[in-house]
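User: I would like to learn how to read a structure like this one. Can we take one feature at a time?

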Amino acid sequence: MIRLSVLYVLAALGVTQVTASARPNVVVILTDDQGWGDLSHHGNSNLETPSIDRLARQGADFRRFYVSPICSPTRAELLTGRYSPRGGVISASQGEERLDLDETTIADIFHASGYRTAAFGKWHNGMQPPYHPNARGFEEFYGFCSGHWGHYFDPVLENNGKIVQGKGFIVDDLTNRAMDYMEKHRAEPFFVYLSINTPHSPMQVPDHWWDKFKDKELALLSRESDPESIPHTRAALAMCENIDWNVGRLMEKLDDLELAGNTIVIYLSDNGPNGFRWNGGMKGRKGTVDEGGVRVPFFIRWPRRIQAGIIIPEIAGAIDLLATLTDLAGIDKYQTLPLDGISLKPLLLQKGDSWPERLYFNYFNGKASVRSQRFRLDDRGSLFDMNNDPGQQLDVSEQFPEIAEQLRGARKNFVEKVASELTRKDDRPFTLGHPDFEFTQIPARDGIPHGNVQRSGRAPNDSYFTNWTNEADRITWDVEVLSAGDYRVELYYTCPQEDLGSTIELRHGDTSIRAQVTEANDPPLRGAEADRVRRRYFVDGVEVEKWPSGKAEADRVQVGESYVKDFKPLDLGIIPLKEGRNPLTLRALKVAGNEVMDVKFLMFTRVSPQKSRR
């Protein structure tokens with residue numbers, strides 16, 4: 001399981017370093033759940049995005065650029081240049097978002113080539129080293145590793161494994177960090193990955209942007225067949241305008257640092273919109289393999305080499321970024337697993353008279369579609385002429401039987417040869433104690449509740465465990481300790497005064513540690529006060545329109561995406577851990593009150609490592 005030093009491995013593979021004076025900086029801006037239509041550049045008069053529009057005009061504008069239908073797979077494709085099933089990325093939570101360890105990332109390559117590398121924002125391809133961004137080629141990481149976050153104002157984040165407190169609205173904070181990093185390393189080539197986590201829910205945005213949209217009449221709406229929530233759309237558009245303001249600040253920073261001319265800036269989103277709203281008449285939204293679920297904005301600016309105002313109609317996608325950026329940066333010798341993507345450099349620099357015909361595949365949750373330059377074959381086998389029918393309303397497979405048959409064969413081959421890689425049982429444990437890293441976070445998201453224990457929200461990503469009421473209840477994690485040694489354990493918890501006194505045990509294999517809960521921490525839930533659109537509520541798995549009034553029913557209500565609390569660490573002491581795979585079990589030996597505590601995560605800090613036998 002241990003991932004060797006990136007520099008060591010890539011040096012052994014012969015990664016070429018180019019001279020500093022010739023190396024462009026790279027900034028990749030990835031947004032979360034922003035649709036193709038969520039920009040004024042694409043004709044949406046409901047909002048104004050002047051900074052992103054300007055970026056599009058100053059570089060190349062890809063009109064048919066594709067990603068995966070949801071977050072984690074797109075990020076994996078961006079990082080590796082390979083379709084996400086090849087990297088073991090199944091879905092978005094509880095370990096299914098982790099990128100296989102035999103994959104080489106774009107950050108691995110740029111770091112080994114002499115670049116300073118940093119990621120700011122949402123990672124969503126694994127938390128515990130060696131899946132953590134600091135173990136995948138990024139020297140600096142500030143943000144969160146989960147799929148979504150429960151509160152966007154002054155949130156709890158991490159910086160290179162350490163728990164820190166964010167400052168202000170999260171997108172503003174992430175942009176500030178990215179700008180500070182660029183200024184600090186202005187004399188060195190840098191690769192900056194700014195992974196903005198909006199307009200993903202919860203729908204939170206500062207007043208300055210919300211006030212413009214809260215009562216706004218929308219001139220453009222979703223297709224008649226698609227049910228649109230106007231309040232949700234208003235919040236999403238307000239969040240997109242905040243993104244635009246931050247993109248403008250970042251571009252101004254490059255100008256101020258006199259780095260703009262030799263900095264490649266890329267802007268894209270990770271999937272289609274997170275709700276039905278105006279999207280150029282395309283069919284589909286986030287989570288679907290139809291055009292509207294996978295076609296996103298993509299702009300690339302490099303004033304030194306890429307001519308301003310280029311419109312590129314050829315199909316391309318996230319799998320092409322690794323090959324393209326290494327090609328543009330002059331990194332011409334590196335070794336990865338076979339790439340699915342190709343370099344777009346000839347299109348960008350307008351070199352070559354012809355461009356090869358290609359097919360692009362979109363896959364998620366057992367459904368696959370195929371895009372050629374003109375046609376899309378959907379997951380049911382219907383064929384659509386995308387030049388004349390972006391809404392996928394008329395099946396033309398009988399008019400073009402040979403093309404339909406060709407694309408059906410290609411889709412069948414993709415499912416059998418590529419998507420089938422996800423059918424294997426995902427038996428990967430969560431890793432603890434990688435020898436090269438001091439911290440390991442084990443969150444509630446990755447655990448399994450037993451007995452009465454429940455999650456605070458249906459979506460695991462930012463949830464915590466609650467309703468821990470008796471000695472038979474347990475919380476377990478499937479954990480492999482990679483390096484034996486002594487580890488200090490802190491449990492981030494809440495517990496009201498009246499429930500103090502419980503005794504808990506944490507066990508892995510034949511080693512355990514015990515502690516008593518003696519200090520109250522009973523903060524209020526946060527998040528609802530900042531929501532512009534209320535979160536979804538469920539009772540016994542069935543969605544309800546409002547919080548139930550009856551106590552018995554209200555006790556069973558579960559929010560879709562968890563609210564948050566200010567958890568604080570309880571020092572459990574030092575636990576000696578042996579290498580190997582066992583359940584990590586948290587249980588109560590004595591319950592003093594109505595509940596033991598609520599649990600957000602465990603933090604393990606290496607105290608006295610022993611040399612690994614591996």
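Analyst: Start with helix α7, residues 230–256. α7 has 27 residues and reaches 39 Å from its first C-alpha to its last, close to the 39 Å expected at 1.5 Å a residue. Keep in mind that this is a predicted model.

User: How many of the 27 residues of α7 are buried?

Analyst: First, the general idea. An α-helix has 3.6 residues a turn, so residues three or four places apart point the same way. Now the case here. α7 is mostly covered, with 21 of its 27 residues buried; buried means under 20% relative accessible area.

User: Which residue just after α7 takes a positive phi?

Analyst: Glutamate 258 does, with a phi of about 60°.

User: Now the sheet. In what order do the three strands of the open sheet stand?

Analyst: Strands of a sheet pair through backbone hydrogen bonds, either parallel or antiparallel. Here the order is β28-β27-β29, and the pairing is antiparallel.

User: Why is one side of β28 and of β29 left without a neighbour in the sheet?

Analyst: β28 (542–544) and β29 (557–559) stand at the edges. Each has a single partner strand, so one side of each lacks a neighbour in the sheet. From one strand to the next, the twist averages 40°.

User: How many bridges join β27 to β29?

Analyst: Three bridges link β27, residues 537–539, to β29, and the two run antiparallel. Look for phenylalanine 538: opposite this residue, in β29, stands glutamine 558.

User: On to pockets. How much space lies in the largest pocket?

Analyst: Rolling a probe the size of a water molecule over the atoms shows where empty space is left. In this model, the largest pocket holds about 1300 Å³. Its lining counts 45 residues; Ser201, Arg285, Lys286, Arg536 and Glu561 lie nearest the centre. By class, that lining has 13 nonpolar, 17 polar and 15 charged residues.

User: Which residues lie nearest the centre of the second largest pocket?

Analyst: Gln454, Tyr464, Thr466, Asn467 and Asp598 do, out of a lining of 31 residues. The space in the second largest pocket is about 800 Å³. Its lining divides into 13 nonpolar, nine polar and nine charged residues.

Conventions. Residues are numbered from 1 along each chain as its sequence is written. This is a predicted model: local features need pLDDT of at least 70, side-chain atom pairs count only at pLDDT 80 or more; totals for chains, interfaces and linings use all residues. Side-chain values use heavy atoms; hydrogens and water are left out. Two strands pair if DSSP finds at least two bridges between them. Helices (H or I, at least four residues) and strands (E, at least two) are DSSP runs, numbered from the N terminus. Axes are lines fitted to C-alpha atoms, for helices over the stretch in contact, and angles run from 0 to 180 degrees between N-to-C directions. On a 1 Å grid over the protein atoms alone, a cavity is a set of points where a 1.4 Å probe fits but cannot get out, and a pocket is an open set with protein on both sides within 12 Å along at least five of seven lines; lining residues have an atom within 4 Å of a point. Grid points are joined across faces, edges and corners, and a volume is the space filled by probe spheres set on the points. Ala, Val, Leu, Ile, Met, Phe, Trp, Tyr, Cys and Pro count as nonpolar, Asp, Glu, Lys and Arg as charged, and the others, Gly among them, as polar. The expected span of a helix is 1.5 Å times one less than its number of residues. Buried means under 20% relative accessible area, exposed over 50%, partly exposed in between (1.4 Å probe, protein chains only).
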